[in-house]
Amino acid sequence: MRAAAEEAARVLLIEDEENLAAGIRFNLEAEGLDVDWIGDGEEALERIRDPCYQLVILDVMLPGVDGFTLCEEARRNGVDTPVLFLTAKAAVDDRIRGLEAGGDDYLAKPFHLTELLLRVQAILRRRAWGAAETAPDVVRFGDNHFDFTAFAGASWDGKNQQLTQKEAMILKTLAEREGEVVSREDILDRVWGYEAFPSSRTIDNFVLRLRKRFEPDPERPRHFHTVRGVGYRFTAVAD
């Protein structure tokens, strides 16, 4: 399960349990990845902004600044690096909290090392897919536009919009099939792949976030339409 890219992907591991961090780092490096480790939330606030990283593995319970707050702050500062939460807080509400903070995936402790490695490789593959030329680099809909190579764009009100990896991938999945009804199952398969954690509620929450970013009236969407009992339909020209 070696990293496919010729140049090793760089991972920032933020975990205060030293023994656990050492084990994760050893195994990720055995997979061909470059790993930097930080055990303190305050220091991580600065390092997480470094664009050299392709993935951040982030513990929630950290000294100084908790992982949810750290991720929220990074997103507010335009950081689009995928974030994989590692935490003992495994309740559904905690997982939703992680997604709302801007996380891309969530793995509860204790976890199997094989599952961690699979999730890491899946995130890295999907980040590459998100920037691949399977659809136009820029999608325009209404007075919005979004550049998949930069994970950034602008909304109808002139605000800059920086999406997380999962948000951008859902937008791209829908844009590639403009006018078609895309089921929640298709979205889960394309964006999360093998992972069992996401549910239809997860997809609904992500689409709600896209509406808040790009719809003048999220309660009456013009581009991201719900097809009850099935999924979603995207239209570039407002209905």
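This is a predicted model: local features need pLDDT of at least 70, side-chain atom pairs count only at pLDDT 80 or more; totals for chains, interfaces and linings use all residues.

Trainee: At what angle do the axes of α4 and α8 cross?

Mentor: Two packed helices are described by the angle between their axes and the distance between the axes. Here the axes of α4 and α8 cross at roughly 30 degrees and come within 11 Å. (Axes are lines fitted to C-alpha atoms, for helices over the stretch in contact, and angles run from 0 to 180 degrees between N-to-C directions.) The crossing of α4 past α8 is right-handed; that word applies if the near helix is turned clockwise from the far one by less than a right angle, and left-handed if anticlockwise.

Trainee: Which residues make the contact between α4 and α8?

Mentor: Val-92, Ile-96, Leu-99 and Glu-100 do it from α4, while α8 brings Arg-201, Thr-202, Asn-205, Phe-206 and Arg-209. Contact means heavy atoms within 4.5 Å.

Trainee: How many helices and strands does the chain have?

Mentor: There are eight helices and 12 strands in the protein chain. Both are DSSP runs numbered from the N terminus: helices are H or I with at least four residues, strands are E with at least two.

Trainee: Back to pairs, then. How do α6 and α8 lie, roughly parallel or roughly perpendicular?

Mentor: Their angle is about 85 degrees, with the axes 10 Å apart, so α6 and α8 are roughly perpendicular to each other. Lys-166, Glu-167, Ile-170 and Leu-171 of α6 make the contact, together with Phe-206, Arg-209, Leu-210 and Arg-213 of α8.

Trainee: What is the angle between α6 and α7?

Mentor: About 125 degrees, again with axes 10 Å apart. That makes α6 oblique to α7, and their crossing is right-handed. On the α6 side you'll find Lys-166, Met-169, Ile-170, Thr-173, Leu-174 and Glu-176, meeting Ile-187, Arg-190 and Val-191 in α7.

Trainee: How many residues are in the largest nonpolar core?

Mentor: In soluble globular proteins, nonpolar side chains tend to be buried together. The largest nonpolar core in this model has 28 residues, and Phe-146, Leu-171, Phe-224 and Phe-234 have the most contacts inside it. (A nonpolar core is a set of buried Ala, Val, Leu, Ile, Met, Phe, Trp, Tyr and Cys residues joined through side-chain atoms within 4.5 Å.) Two or more residues each come from α4 (92–100), β6 (138–141), α6 (165–176), α7 (184–191), α8 (200–214) and β12 (231–234). The largest share, six residues, is from α6. Apart from this core lies another of 21 residues, among them Ala-44, Leu-70, Ala-101 and Tyr-106.

Trainee: What does Phe-146 touch?

Mentor: Leaving aside neighbours within four places in sequence, Phe-146 has contacts including Val-138, Phe-151, Leu-163, Leu-171 and Phe-214.

Trainee: Is Phe-68 buried or exposed?

Mentor: Phe-68, in helix α3, counts as buried because its relative accessibility is 6%. Buried means under 20% relative accessible area, exposed over 50%, partly exposed in between (1.4 Å probe, protein chains only). Phe-68 and Ala-101 are 33 residues apart in sequence, yet 5.8 Å apart in space, C-alpha to C-alpha. Beyond four places in sequence, Phe-68 also contacts Val-60, Phe-85 and Tyr-106, among others.

Trainee: Where is Trp-192 placed?

Mentor: Trp-192 is in the loop between α7 and α8, and it is buried, with a relative accessible area of 1%. Thr-81 is in a loop too, between α3 (67–76) and β4 (83–87), and at 4% relative accessibility Thr-81 counts as buried. Across the whole chain, 50% of the 239 residues count as buried.

Trainee: Which peptide bond is cis?

Mentor: The one from Lys-109 to Pro-110, with omega near -10 degrees. Look for Pro-110 in the loop between β5 (105–108) and α5 (113–131).

Terms used:
Residues are numbered from 1 along each chain as its sequence is written. Side-chain values use heavy atoms; hydrogens and water are left out. Angles under 35 degrees count as roughly parallel, over 145 as roughly antiparallel, 65 to 115 as roughly perpendicular and the rest as oblique.
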